[in-house]
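Dear colleague,

Please find below the structure that I am passing on to you.

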Amino acid sequence: MNLEQKQRILEKIKEYDRIILFRHKRPDGDAVGATKGLQEILRLTYPQKEILVINNDFSKFVAFLGGEDAPCADELYRDALGIVIDTATTERISNPKYSLCKELVKIDHHIDIKPYGDVMWIEEERSSACEMIADFYYTFREELKINSAAATYIYTGMVTDSGRFRFRSVSGETLRLAGMLLDCGVDTDRLYAQLYLDEYHVLKFKAYVYKKMKISKSGVISLYISRAAQKRFGLTTEQASAAISYLDSVKGSLVWLAFIEGYDNTIRVRLRSRFLEINTLAERYHGGGHACASGATVYSKKEARALIAEADILLAEYKKNHEDWL
Ligand code: AMP
């Protein structure tokens with residue numbers, strides 16, 4: 001699929017001596033895995049080139065994937081090729097200096113609301129950006145080199161962004177590519193320990209989440225996590241944000257929402273759903289995203305309640321018109 005775009009990207013990579021990789025803000029396993037995985041592949045294949053991953057922020061929960069490169073002088077961007085991965089819009093790019101790059105490549109699996117870049121390779125049906133990087137490697141496997149470190153970065157992104165290969169976006173192709181990566185030597189015991197082990201206070205927080213979650217008339221689950229609660233449990237914003245995944249298995253609750261109070265007077269909203277689409281709802285609240293996984297921002301509890309009310313109507317409507325939901 002999209003062989004022409006992939007070939008153009010490979011040609012661009014060959015053309016440049018310096019390549020800088022970028023990802024989105026508040027990175028997850030997919031964003032970090034894809035950039036670091038591609039960096040490793042390109043460093044192995046083209047040892048004479050300078051391949052850097054430079055971003056402005058980091059998330060503690062993906063720290064096990066290791067750090068990125070230190071900031072560099074603006075001049076170094078000017079003759080570099082920039083590759084932005086897993087980032088739908090330029091506003092979400094972690095490092096604003098991407099714009100200094102001579103040319104820009106966009107590789108993404110999000111809905112392409114605002115195209116950017118000189119070369120774009122977008123596949124919205126892919127379960128992760130890492131799946132695209134795995135596919136890129138596989139397409140040019142005669143030419144590109146891989147090792148177990150690269151395979152582990154990429155496999156981690158595939159596992160985390162697909163809900164452990166559980167989401168509908170997972171295809172036979174996803175698993176074939178994952179299989180190819182496993183054959184390169186991924187230590188899955190270690191990887192899953194890194195993904196699943198929780199600190200004691202985080203498990204205590206989980207108990208709090210189940211106590212505090214609310215259900216609306218039609219079954220929308222919602223949870224408000226105040227700054228005080230984050231402090232009480234000693235959580236980073238990222239750890240508090242992970243609460244969204246604790247809410248995903250309530251029978252009949254096809255929509256679940258987590259509101260995370262920030263330190264800048266904004267409230268981050270994480271929206272998730274089964275079967276029905278919630279991205280248009282997210283778009284009405286300064287956000288967007290995938291059909292069943294979106295993000296938004298609200299600025300008051302009142303606005304949070306309005307979002308829940310809209311979600312409730314959406315879910316009621318869906319249940320009225322469908323019979324096979326769970
Ligand atoms: P999150 O709950 O923040 O992980 O977001 C879920 C998905 O929605 C991610 O894949 C993001 O790409 C997307 N998303 C989150 N926040 C926004 C936003 N403000 N605008 C557009 N897309 C977003």
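The notes below treat the chain as a whole, then the ligand site, and then a few individual residues.

Please keep in mind that this is a predicted model.

**The chain as a whole**

The secondary structure of the protein chain consists of 12 helices and 11 strands. Along its principal axes, the C-alpha trace spans about 60 × 40 × 40 Å. The radius of gyration of the protein chain is 20 Å, which agrees with the value near 20 Å that a compact globule of 326 residues would have. Of these 326 residues, 50% count as buried. The accessible surface comes to about 15,600 Å², and carbon and sulfur atoms contribute 51% of that area. Among contacts in the protein chain with a separation of 6 or more, 64% are between residues 24 or more positions apart.

**The ligand site**

Which residues come nearest to the ligand? There are 13 residues around the ligand, and those that come nearest are His110, Arg268, Arg270, Arg272 and Gly295. By class, this shell has 8 polar, 4 charged and 1 nonpolar residues.

- In the side chain of arginine 272, an N or O atom is 3.0 Å from an oxygen atom of the ligand.
- At glycine 288, a polar backbone atom is 3.3 Å from a nitrogen atom of the ligand.
- At glycine 295, a backbone N or O atom lies 3.3 Å from an oxygen atom of the ligand.

Taken alone, the ligand exposes 480 Å², and the protein buries 77% of that area. The elements that give two or more residues to the shell are strand S9 (267-273), strand S10 (288-289) and strand S11 (293-298).

Most residues other than glycine have a negative phi.

Arginine 26 has a phi near 45°, a positive value in a residue other than glycine. Arginine 26 is placed in the loop between strand S1 (18-22) and helix H2 (29-45). With a relative accessibility of 42%, arginine 26 counts as partly exposed.

Aspartate 86 is not a glycine either, yet its phi is positive, at about 65°. The loop between strand S3 (81-85) and S4 holds aspartate 86. Is aspartate 86 buried or exposed? Its relative accessible area is 2%, so aspartate 86 is buried.

**Exposed loop positions**

Isoleucine 113 belongs to the loop between strand S4 (103-108) and strand S5 (119-122). Because its relative accessible area is 58%, isoleucine 113 is classed as exposed. The C-alpha atoms of isoleucine 113 and alanine 88 are 7.1 Å apart in space, and the two residues are 25 residues apart in sequence.

Tyrosine 263 is found in the loop between strand S8 (255-261) and S9. With a relative accessible area of 54%, tyrosine 263 is also exposed. Leaving out residues up to four places away in sequence, tyrosine 263 touches Arg227, Gln230 and Lys231. Tyrosine 263 and aspartate 86 are 177 residues apart along the chain, and their C-alpha atoms are separated by 26 Å.

**Buried positions**

Tyrosine 246 is located in the loop between helix H10 (237-241) and S8. Tyrosine 246 is buried, because its relative accessible area of 9% falls below the 20% limit. Apart from neighbours within four places in sequence, the residues in contact with tyrosine 246 are Val202, Phe205, Lys206, Val209 and Tyr210. Between tyrosine 246 and leucine 257, which are 11 residues apart along the chain, the C-alpha separation is 11 Å.

Serine 222 lies in strand S7 (residues 221-225). Serine 222 is buried as well, with a relative accessible area of 9%. What does serine 222 touch, not counting residues up to four places away in sequence? The residues concerned are Met213, Lys214, Leu257, Phe259 and Ile308.

With kind regards

Terms used. Residues numbered from 1 in each chain as written. Predicted model: local features only at pLDDT ≥ 70, side-chain atom pairs only at ≥ 80, totals over all residues. Heavy atoms only, no water. Near = heavy atom within 4 Å. Polar contact = N/O pair within 3.5 Å; in protein donor to acceptor, adjacent residues only side chain to side chain. Areas by Shrake-Rupley, 256 points an atom, 1.4 Å probe, with all protein chains shown as cover. Helix = DSSP H or I, 4+ residues; strand = E, 2+ residues; numbered from the N terminus. Nonpolar A, V, L, I, M, F, W, Y, C, P; charged D, E, K, R; others polar. Buried < 20%, exposed > 50% of the residue type's maximum accessible area, 1.4 Å probe, protein only. Contact = heavy atoms within 4.5 Å. Rg over C-alpha atoms; globule rule 2.2 N^0.38 Å.
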